[in-house]
Amino acid sequence: MAALRLRKPPVSLRCCLPLLCVLAVPSAFASSLDLPALIECRQGVADQAALAPLLADPLKAVAQGLQPLPQGNQFMSEFRLAQPISVFGMSTERVAVAGASIMAVLDQADPRPLAKRLALETGYDQDGKFMAGRELVSRDVTDPKTGEAQIESIILSVSTVASHPGKTLAGCTYSLDLPEEEPAPAAPAPATGSH
């Protein structure tokens with residue numbers, strides 16, 4: 001029987017191995033990544049913002065246990081989790097991100113019981129589409145870099161989407177908005193008197 005000869009990996013692979021090892025080691029950020037807390041609106045805008053660069057880089061996402069899935073909906077990115085998480089009392093291994101929203105994809109065809117349990121206000125319920133939500137936080141904050149006044153808003157929501165039949169999306173939207181401009185006082189009309 002011929003002896004097995006192990007060959008050295010190609011140079012390109014040998015160069016990348018240290019990098020792959022570094023990426024595989026959980027970073028300090030990883031230990032602070034609390035997906036259930038983000039999804040259940042128990043964190044802030046800064047915590048949600050820290051998630052964006054992680055999800056934008058597939059290697060970093062995979063290193064954190066988030067496997068990108070094929071995009072079935074052009075408005076959101078979906079990930080399979082290495083380990084299931086528990087949110088709103090249910091287990092899931094899929095999350096979706098759309099803009100400033102992070103949601104659990106739940107195996108629940110009817111979203112209404114969950115929306116009722118979370119005391120959400122129904123915004124739309126017809127033609128097979130359901131949306132309900134409630135603003136949990138609305139507070140004035142100051143941008144530490146610019147000193148600009150902003151409004152932090154955190155909204156809990158439950159919805160359905162046509163691209164995911166038989167599923168309920170439940171999660172949180174985090175946003176920072178500029179305060180609405182106060183309307184300028186109307187200039188007094190020029191007096192028109194008779195001479």
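Leaving aside its neighbours within four places in sequence, with which residues is Ser 153 in contact? I began with this question, taking contact to mean heavy atoms within 4.5 Å, and I noted Val 45, Glu 135, Val 137, Thr 173, Tyr 174, Ser 175 and Asp 177.

Before going on I wrote down that this is a predicted model, in which local features need pLDDT of at least 70 and side-chain atom pairs count only at pLDDT 80 or more, while totals for chains, interfaces and linings use all residues. Residues are numbered from 1 along each chain as its sequence is written, and side-chain values use heavy atoms, with hydrogens and water left out.

**Ser 153.** I placed Ser 153 in strand E7 (residues 149-159), where helices (H or I, at least four residues) and strands (E, at least two) are DSSP runs numbered from the N terminus. Its relative accessible area is 5%, so Ser 153 is buried; buried means under 20%, exposed over 50% and partly exposed in between, with a 1.4 Å probe and protein chains only. I also found a polar contact of 2.6 Å between the side chains of Ser 153 and Glu 135, the term standing for a pair of N or O atoms within 3.5 Å, of which, within protein, one must be able to donate a hydrogen and the other to accept it, and residues adjacent in sequence count only if both atoms are side-chain atoms.

**The sheet.** I then looked up the sheet, which is open and has eight strands in the order E1-E2-E3-E4-E8-E7-E6-E5 with antiparallel pairing; two strands pair if DSSP finds at least two bridges between them. At the edges I found strand E1 (66-68) and strand E5 (121-126), each of which pairs on one side only. Strand E2 (residues 77-87) and strand E3 (residues 90-98) pair in the antiparallel sense over seven bridges, and Ser 77 stands opposite Val 97 in E3.

**The disulfide.** How many disulfides does the rule give? I counted one, a disulfide being a pair of cysteine sulfur atoms within 2.5 Å, and it joins Cys 41 to Cys 172 with an S to S distance of 2.0 Å. The pair links distant parts of the chain, 131 residues apart, with Cys 41 in the loop between helix H3 (35-39) and helix H4 (45-56) and Cys 172 in strand E8 (residues 168-177). I noted the link of Cys 41 and Cys 172 as right-handed, with 120° about the S-S bond, and both Cys 41 and Cys 172 as buried.

**The whole protein.** Last, I recorded six helices and eight strands, and that 32% of the 195 residues count as buried.
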